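Open the model in your viewer and keep the sequence panel beside it.

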Amino acid sequence: MLPRLSLCILISLPALLVLASAADPSKKSPSASPPSRPPAPLGDPSWALGLRLYQALRSDSSPVNTLFSPLLVASSLGALGEGSGGTTASQLKSLLETPSSDKTGANTGEVLSGALKSLSESNGTSFLLHMSLALFSKQAPELSQKFVKDSQAVYRLQHQTLGTGDSKADLKQLHSWAKTGLGGLEGASLAAETGAKAGALILANALHFKGLWEREFSEESTDLRTFLGKKYTRVMMMHRAGLYRHYEDMNNMVQVLEVPLWGGKASAVFLLPFLVESLARLDKLLTLELLSKWLEKTNKTSVIISMPKANITSTLSLQKQLSALGLTDAWDQKLADFSGVSEESKGKLYLGDVLQWASLELAAQAGKGDTELEEEHVEKPKPFYADHPFVIFVRDNATGALLLMGALDHAEGEALHDEL
């Protein structure tokens, strides 16, 4: 029987050549990954916004272990856009525009809603997921019941009110909400105070993701290795040889590896530079067109994976990045037009912040070991040795939506010395 791997966003990279366990080929699992590829990123608003946000976040000085959910941010902004007017609405809409015209405009809400539904239905099979989306209002005019109802029905955005206390009380309430949204995990504190004065609207998202590998990394195949990141550390690395979709871009010196989750309903994709280096070069390379090309060129290949067990967590305020991407009027109480959010909004409502708590585990843990998979025939595997920084994203295979995107720049462990 071939055990499955738990993808808790703890990134474990193999260093030992451990071949996949053989299962009885006559007992092929009906939930094995389907051969078809998910929709390409070009027409999806979560990819369009996610990549732009990722690069805006990474352009800031000394980013470490970036992680956020493009799908949740896009859904929150999409809901707010439905209640906006004038240039506020056009700026929100432009954030979700894609190079492809078949999934834009009036279809954006349908696309995002479908992705949220797909992930909800897959929860508990391919992965364990806690996620919450909320719109907090601070001493604001009464919100339109139609807006509240539609936002919940289409985008799963719940409305909550902040108390009448000061910013410390608001932060305490937001952190308490985030802890519940993360399934009980304690999210990191916000680096700065939130702009929650009277009339503020705050979009908040919280997500904890723990995936179940379709084919498990054995606990017996883990060992201590050096991760060559922002700091050199000794970490537990996990290893496995098997058949994976893989591609090597020789010109850009990048490996692309897709690792399916249980039942093929979602996948984790890793982008690893050939050389030990920071991710600055790779971050600048990324475009939707190039990512689509890489994903299309992956083919089933014998691969020996080594990656670190790691937890990636992040707490972000996205106001600065969204402003740089063209969302300017929403933050200004005099310019913001949220007439669809509240009929009494003129000159009273504005966007105070967009907050994101995210947590991802990558680990070698067993999933549903009672289901057998067919035997893999691994010959001359290519090494995917992730002992240095890499990019990771998780996508829903039914809709193609981008659930998570991030980077592992540093793996926690015994410090050796600084290099990158």
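In which loop is Lys-380 found? Select the stretch between β12 (350-362) and β13 (382-385): Lys-380 is in that loop. Strands here are DSSP runs of type E with at least two residues, helices are H or I runs of at least four, and both are numbered from the N terminus.

A note on the model before going on: it is predicted, so local features need pLDDT of at least 70, side-chain atom pairs count only at pLDDT 80 or more, and totals for chains, interfaces and linings use all residues. Residues are numbered from 1 along each chain as its sequence is written, and side-chain values use heavy atoms, with hydrogens and water left out.

Stay on Lys-380 and check its backbone. Its phi is positive, about 45°, although Lys-380 is not a glycine. Most residues other than glycine have a negative phi. Now show the surface. Lys-380 is exposed, at 82% relative accessibility. (Exposed means over 50% relative accessible area, buried under 20%, partly exposed in between, with a 1.4 Å probe and protein chains only.)

Next, select Gln-139. It sits in the loop between β3 (127-138) and α5 (145-155). Gln-139 is another non-glycine residue with a positive phi, about 45°. Its relative accessible area is 47%, so Gln-139 is partly exposed.

Finally, zoom out to the whole protein. Colour by secondary structure: there are nine helices and 16 strands. Colour by burial: of the 420 residues, 56% are buried.
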